[in-house]
Amino acid sequence: MIAAYSIPLLISVSFILLVFKNGKIIKTLSILSIFFSLCFVLFSSVNVFYSGIGTFAVSGFRPPFGIVLVLDKFSSSIASLILFLSLMIVAFSSNFVKEKIKEFHTLLLLAVAGSLGIVMTGDIFNMFVFTEIMSVATYALVGFATRKKNLEAAFKYLIIGSVSTAFMLIAIVLVYSQLGTLNMADIIVKINLNDKILKIIFSMFLLSFCVKSAIFPFYIWKPDVISGSLEPVATFLVGVVSTTTVYVIIRVLYTILGVYYSTWLSVLAIMTMGLGAFFALLQDDIKRILAYGSISQLGYIFLAFSSSLIFQGLYHLANNAIIETLLFLSIGTIPLHKKRIEKVSMYGFLLGALSLTGIPPLNAFFSKFFIIAGLLENKLFLYAIISGLISIVTLFYYMKVYFMFKKGEKRIYWPVIILIAFVLLLSFAPVWLQFFEGIEDDLLARYEYVIGVLKP
Amino acid sequence: MMHIFTITMIIIGFYGVLFKGNILKKVMGLNVLTNGINLLLIIVGYRPDGIDAIALPSNIGYFLKSAVDPLPQALVLTSIVIDVSVTAFALVLCYKLFKNFKTLNIKKISTLRG
Amino acid sequence: MNLLISSIIIISTIVFFISIRSKKVKRNSVYTCGEPIKFKKPEQLFYRTLTKTLRLKKLQKLHTGNLDDYLLMIFICFMLLLMIMVMI
């Protein structure tokens with residue numbers, strides 16, 4: 001499986017960058033490394049889609065004993081999404097960060113490698129290690145500009161993130177003491193869901209990732225951290241980090257535990273959705289509005305997954321990641337143009353905002369529509385009504401941001417234009433639905449995952 | 001016995017992180033917390049009168065009866081390295097925060113809000 | 001059919017929203033990306049009624065910006081949710 005080489009590629013390039021002094025070489029090297037790892041992941045995901053789960057045993061140990069990297073349909077699509085978004089972010093940040101270029105690119109590549117590792121690993125301790133790589137790199141990125149607000153945001157993020165990973169480590173230790181294994185496929189074989197202790201342990205694991213993905217009772221750090229960080233870093237936090245944390249929660253809920261309906265998660269998702277939207281209305285800072293908006297959108301994704309609407313949730317996850325990246329990159333042109341927004345980015349922002357609120361021919365309309373239709377089909381009328389109403393509130397806070405803008409001069413930023421193209425591409429819903437339904441079937445087949453990884 | 005020690009250590013760590021106002025003390029609390037978890041991880045792999053996890057052809061039977069589980073030790077090493085990096089970064093941040101805010105009190109470092 | 005109806009509803013809400021935006025523009029210091037700039041801030045009827053009815057300002061005071069409060073809130077919610085999840 002060639003995709004396994006992308007993680008060492010990214011990490012090694014991130015350290016090689018420290019040798020160079022020329023800014024242009026550093027930019028091209030980091031963009032090329034992410035591009036090649038994207039190619040690797042795409043190449044092996046084609047294999048995965050045609051011939052089943054691909055595994056890679058690190059240093060040759062057989063799967064239940066050593067670390068194993070697993071790529072099934074779900075993880076390969078999420079990995080390619082993450083790499084695509086981080087390619088856009090790196091390409092955009094090259095005209096943003098003028099000083100300390102090599103440190104910035106080193107940290108960004110480390111964070112990308114960490115999130116890629118989280119998605120690809122099949123071992124929960126390895127997942128912890130990659131989580132810490134990603135988190136430490138993002139703490140450093142948040143505090144990168146070393147002004148007052150950056151440092152404060154970095155410290156808040158550091159303490160809260162470390163506490164959540166401490167909970168995660170406790171859960172992993174207890175899993176090892178109870179089951180004697182760390183491999184995810186082996187855990188599926190050995191787990192007994194009626195055991196109270198295992199239930200506590202996995203709840204702790206899930207909640208620690210809920211803290212990282214900032215859903216309802218734990219969302220409180222996210223606006224502070226996003227408003228206190230540079231624009232490319234804020235984009236990375238919203239686009240890539242939250243996608244990986246959602247991935248982990250879904251992987252644990254669906255593949256390891258086999259829980260398809262969870263009431264607690266849907267209640268939390270409704271609260272997240274509502275409070276995120278209402279608090280976004282009260283803010284005056286553009287980045288804080290968008291941060292609360294991203295929290296609100298996460299609520300939709302979790303609502304879909306907690307009531308077993310899988311392909312709808314996957315579709316909204318992809319749409320949300322791409323559109324949030326588009327929104328943050330387009331407001332990222334404000335500091336570059338003397339406090340005015342660049343023209344094309346402004347239309348990009350409008351497109352993304354209209355799409356997230358659910359204007360018919362655009363992509364997020366279809367995903368939200370499918371989510372609400374699925375909720376009605378499952379006879380969850382209250383949830384459907386609330387999510388429909390909050391979708392209208394979404395329009396108000398994004399339009400509030402839009403009316404704050406002043407148009408600047410026209411300059412072409414390629415990442416913004418590529419993202420606009422992808423938003424339009426994702427709007428052809430019927431094509432994508434088949435793709436996501438294929439992933440849904442793969443995600444529901446727990447025992448095929450076990451057989452594919454352990455190869456008995 | 002050791003279980004009680006580690007659990008008190010974890011609780012002390014949480015107390016330090018949650019209730020201490022000084023940011024350096026918060027970092028120390030975080031360190032105590034993660035060390036407590038590392039100790040928990042060692043206890044999981046502990047076996048009274050255990051031997052090294054190296055199998056020789058001569059002592060296979062004895063090995064199977066009383067070898068220590070080697071995995072938790074590897075995990076503890078990894079986790080210690082991660083803690084060191086997090087603590088180093090946190091201390092650098094504390095230094096920078098003190099230079100910028102001229103205080104170590106967390107209650108005065110609250111400009112981002114709302 | 002459902003698609004059509006929902007699209008009509010959404011478009012009509014947009015038209016309603018644009019018409020409700022009053023022409024009076026209040027100059028206000030609005031924060032963009034952390035730095036205060038003078039920006040045009042349109043007055044909205046919708047926000048005021050919503051914030052008044054839901055008492056959002058009181059809830060917003062919970063976001064004190066103090067790390068201690070955040071940690072305490074997260075820790076207590078974590079433990080409560082853990083208990084609830086085990087009970088279910």
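A:Glu231 is buried in this predicted model, because its relative accessible area is 5%, under the 20% cut-off. A:Glu231 forms a salt bridge with A:Lys287, and the closest N and O atoms are 3.5 Å apart. The residues lie in helix α10 (residues 231-257) and helix α12 of chain A, so the pair ties together parts 56 residues apart in sequence. A:Lys287 is also buried, at 1% relative accessibility.

**Other salt bridges**

- Over all chains, the structure holds 7 salt bridges.
- A:Lys156 and A:Asp224 form one of them, with 3.0 Å between the closest N and O atoms.
- Because A:Lys156 sits in helix α6 (residues 148-179) and A:Asp224 in helix α9 (residues 221-227), both of chain A, this pair ties together parts 68 residues apart in sequence.
- A:Lys156 is buried at a relative accessible area of 2%, and A:Asp224 is buried at 0%.
- A network of salt bridges links A:Glu152, A:Lys156, A:Asp224 and A:Arg288.
- A:Asp186 pairs with A:Lys190 in a salt bridge whose closest N and O atoms are 3.5 Å apart.
- Both A:Asp186 and A:Lys190 belong to helix α7 (residues 184-190) of chain A, 4 residues apart, or about one turn of the helix.
- A:Asp186 is buried, with a relative accessible area of 11%, whereas A:Lys190 is partly exposed at 43%.

**Packing of α12(A) and α13(A)**

- Helix α12 (residues 286-306) of chain A packs with α13(A) at an angle of about 170 degrees, and their axes are 8 Å apart.
- The angle is over 145 degrees, so α12(A) is roughly antiparallel to α13(A).
- The contact residues divide into 13 nonpolar, 6 polar and 2 charged.
- On the α12(A) side they include A:Lys287, A:Leu290 and A:Gln297; on the α13(A) side, A:Glu324, A:Leu327 and A:Phe328 are among them.

- A:Glu324, in helix α13 (residues 310-331) of chain A, is buried yet has no salt bridge.
- The nearest side chain of opposite charge to A:Glu324 is A:Lys222, 7.6 Å away.
- Beyond four places in sequence, A:Glu324 contacts A:Val238, A:Leu290, A:Gly293, A:Ser294, A:Gln297, A:Leu356 and A:Tyr398.
- B:Asp83, in helix α4 (residues 71-101) of chain B, is buried and has no salt bridge, with the nearest opposite charge on A:Lys212, 12 Å away.
- B:Asp83 touches B:Thr34 and B:Asn38, leaving aside neighbours within four places in sequence.

**A:Ser44**

- A:Ser44 lies in helix α2 (residues 23-51) of chain A and is buried at 3% relative accessibility.
- Not counting residues up to four places away, A:Ser44 touches A:Met1, A:Ile2, A:Ala3 and A:Leu71.

How values were computed: Residues are numbered from 1 along each chain as its sequence is written. Chains are lettered from A and ligands numbered from 1 in the order in which they are written. This is a predicted model: local features need pLDDT of at least 70, side-chain atom pairs count only at pLDDT 80 or more; totals for chains, interfaces and linings use all residues. Side-chain values use heavy atoms; hydrogens and water are left out. Helices (H or I, at least four residues) and strands (E, at least two) are DSSP runs, numbered from the N terminus. Buried means under 20% relative accessible area, exposed over 50%, partly exposed in between (1.4 Å probe, protein chains only). Lys and Arg count as positive and Asp and Glu as negative; His and the chain ends are not counted. A salt bridge is a side-chain nitrogen of Lys or Arg within 4 Å of a carboxyl oxygen of Asp or Glu. Contact means heavy atoms within 4.5 Å. Axes are lines fitted to C-alpha atoms, for helices over the stretch in contact, and angles run from 0 to 180 degrees between N-to-C directions. Angles under 35 degrees count as roughly parallel, over 145 as roughly antiparallel, 65 to 115 as roughly perpendicular and the rest as oblique. Ala, Val, Leu, Ile, Met, Phe, Trp, Tyr, Cys and Pro count as nonpolar, Asp, Glu, Lys and Arg as charged, and the others, Gly among them, as polar.
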